[in-house]
Amino acid sequence: MSRAIRAVVVGGTGYTGAELVRLALGHPSLEVTAIVGNTTAGESVSDVLPSLRGVFEGEVQPFDANMIASSADVVFCALPHAASARAVNELRQKGLPVLDLSADFRFDDLGVYEQWYGSHPVPELLSEAVYGLVELHRDALREANLIAVPGCYPTASTLAMAPLVARGLIKHEGIVVDAKSGVSGAGRGLSAATHFPEVAEGVRAYKAGAHRHGPEIEQELSRLADSTVRLTFVPHLVPMTRGILATCYAHPAARGLTPDACTEAARTLYEGSPSVQVLDPGTHPDTLFVRGSNRVHLAYAQDPQNGTIIAMSAIDNLVKGASGQAIQCMNVRFGLDEGAGLGATAQWP
């Protein structure tokens, strides 16, 4: 039996970091050698992450690139934007393959990144990064040493729309993405906007038409179309912990487009994927049926009055929308089975 791949999780005490640790601990080819934190460094892992009590012993480690280099074959970085770029730069200088879950390396265009996130600490690394949506960039990921794991909203939305764009089935303007997310997408930090009494009994849109995941979706769809794709993106916060449901609206490029044709296009594009399940027309995705899994449920419908195509996608924002996707990318990068460690079904009910 070959030696396990040693993995360190930087930023391992937030929601996505903790999910990475959970998935990595259950992976047949991974050994978690350290969990790195910032404000919690020196504290017991079991105190910071009670879910790991009796499973992972030791303390949360401070960030030290030399320590990480001596104990890791791969690093998952789940730090906030900008802070992540600085850490990734140090780790890449040590020659380590890094999977970064921030937005710091997702954009091809530095100007677009800085418009939405501010000044980039290490722009010279942008050209090295490969966008980590496995279903669209599988071949490039096999040789990548810096993988930019996509955002949760872009994952759900892009996977729903990609087959339609790739086949030229829809127009590139007038696209609307209406997406709804559980509160864990905001992270573990405390804020009034995600405080339980503030969200438990309501549903709200936020940053309508001004959310920074919109340009990320446009980038990937434009890449597929080989021309500019523009869309309106409106996210919503719903009173649940996990899950994203993206409902996307687009105009057919020509008359006669049907949900059956959209379904066939998606099944062709995602053939062989261990994560993507394309449902039959008339079936609607539900976040409950992917909760806790790396699964994606896609479905297509149509408004018979005006022909509008409706593409729907359900994912778990912490798994396929973040940590599970990072594991999937790592599997491809290291030549493992793409679905290794990700075979768990949804937590239902």
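T247 is found in strand β10 (residues 244–250); strands (E, at least two residues) and helices (H or I, at least four) are DSSP runs, numbered from the N terminus. This is a predicted model, in which local features need pLDDT of at least 70, side-chain atom pairs count only at pLDDT 80 or more, and totals for chains, interfaces and linings use all residues. Residues are numbered from 1 along each chain as its sequence is written, and side-chain values use heavy atoms, with hydrogens and water left out.

Reader: Is T247 buried or exposed?
Author: Buried means under 20% relative accessible area, exposed over 50%, partly exposed in between (1.4 Å probe, protein chains only). T247 has 15% relative accessibility, so T247 counts as buried.

Reader: Which residues does T247 touch, not counting those up to four places away in sequence?
Author: Contact means heavy atoms within 4.5 Å. By that rule, T247 touches V176, V177, D178, I310, A311 and M312.

Reader: How do the rings of F107 and Y117 pair: stacked, edge-to-face or tilted?
Author: Rings of Phe, Tyr and Trp (its six-membered ring) pair if their centres lie within 6.5 Å; planes under 30 degrees apart count as stacked, over 60 as edge-to-face and the rest as tilted. The centres of F107 and Y117 are 6.2 Å apart and their planes stand at 50°, so the pair is tilted.

Reader: How many residues apart are Y153 and F233?
Author: Y153 and F233 form an edge-to-face pair, 5.2 Å centre to centre, with 70° between the planes. Y153 is buried, with a relative accessible area of 2%. Y153 lies in helix α7 and F233 in strand β9 (residues 231–237), and the two are 80 residues apart.

Reader: By class, which residues make the contact of α6 with α11?
Author: Residues V134, E135, R138 and L141 of α6 meet K320, Q325, Q328, C329, V332 and R333 of α11. Ala, Val, Leu, Ile, Met, Phe, Trp, Tyr, Cys and Pro count as nonpolar, Asp, Glu, Lys and Arg as charged, and the others, Gly among them, as polar. The contact has 4 nonpolar, 2 polar and 4 charged residues.
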